[in-house]
Amino acid sequence: MKQILIETNIFKPTVSINEGKTSSDGNLLVQGILSTAEKQNGNGREYPMEILEREINKYMVVVKENRALGELDHPDSQVVNLKNVSHKINDMKFVGKKVMGTIEILPTPSGNILKALFASNVPVGISSRGMGSLKQVGEVMEVQDDFELLCYDFVSTPSNPGSYMSPLNESLTESNIYNKTNSIITDILCSNDRCPIY
């Protein structure tokens with residue numbers, strides 16, 4: 001029997017919102033893991049690669065049509081409620097078994113709340129909403145072939161492991177890489193009581 005399936009990944013900004021990259025409209029862009037195939041999540045569910053890949057390919061049509069909207073918090077509905085829209089997905093692709101996405105935070109009331117949460121370094125989750133049935137396979141509930149991906153919402157509670165959303169940064173410069181490397185080396189040396197003197 002088909003039911004609403006909700007899976008959540010934590011998105012945690014790793015840099016200041018002021019350092020983040022913006023869209024052509026000046027809206028904040030964030031990036032991170034949207035979904036993961038063939039890995040048990042916090043709800044005890046697992047998505048076979050072929051099913052998740054099929055649904056992401058179908059959803060890319062919605063992304064390209066600029067209609068891949070999501071809400072702030074999950075409703076108990078299969079429909080995206082426009083008055084609660086906070087963001088839209090601009091791009092998504094598989095990297096191994098992970099679905100990586102770039103999301104634009106919209107200047108709506110819900111989007112402004114979401115932007116403020118990112119600005120305050122509050123971890124939030126990105127959560128898939130879909131319809132499908134489950135089958136017990138060993139210790140996991142496997143998502144079945146009738147699964148249909150509806151959208152991705154931002155929520156507070158995570159279920160999918162290892163997914164953090166962060167503002168999309170400009171490329172690192174050589175100077176930034178050198179400074180970060182130097183800082184890491186200094187921290188390691190100082191932790192062993194061998195602090196370099198400058």
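This is a predicted model: local features need pLDDT of at least 70, side-chain atom pairs count only at pLDDT 80 or more; totals for chains, interfaces and linings use all residues.
User: How do I start looking for empty space in a structure?

Analyst: Rolling a probe the size of a water molecule over the atoms shows where empty space is left. Here, a search of the whole structure turns up one cavity of 30 Å³ or more.

User: What is the volume of the largest cavity?

Analyst: The largest cavity holds about 110 Å³.

User: Which residues lie nearest the centre of the largest cavity?

Analyst: Glu-7, Ser-35, Thr-36, Tyr-47 and Ser-128, out of 15 lining residues. By class, the lining has six nonpolar, six polar and three charged residues.

User: Which element gives the most to the lining of the largest cavity?

Analyst: Strand β2, with three residues. β1 (3–11), β2 (29–36) and β10 (148–155) each supply at least two.

User: And the largest pocket: how much space lies in it?

Analyst: About 210 Å³. Both α1 (49–64) and β10 supply at least two residues of its lining. Among the lining residues are Glu-55, Lys-58, Tyr-59, Glu-148 and Leu-149. The classes are eight nonpolar, no polar and four charged.

User: Where is Lys-115 found?

Analyst: In helix α2, residues 109–119.

User: How far apart are Lys-115 and Asn-27?

Analyst: In sequence, they are 88 residues apart. In space, C-alpha to C-alpha, they are 9.3 Å apart.

Terms used: Residues are numbered from 1 along each chain as its sequence is written. Side-chain values use heavy atoms; hydrogens and water are left out. Helices (H or I, at least four residues) and strands (E, at least two) are DSSP runs, numbered from the N terminus. On a 1 Å grid over the protein atoms alone, a cavity is a set of points where a 1.4 Å probe fits but cannot get out, and a pocket is an open set with protein on both sides within 12 Å along at least five of seven lines; lining residues have an atom within 4 Å of a point. Grid points are joined across faces, edges and corners, and a volume is the space filled by probe spheres set on the points. Ala, Val, Leu, Ile, Met, Phe, Trp, Tyr, Cys and Pro count as nonpolar, Asp, Glu, Lys and Arg as charged, and the others, Gly among them, as polar.
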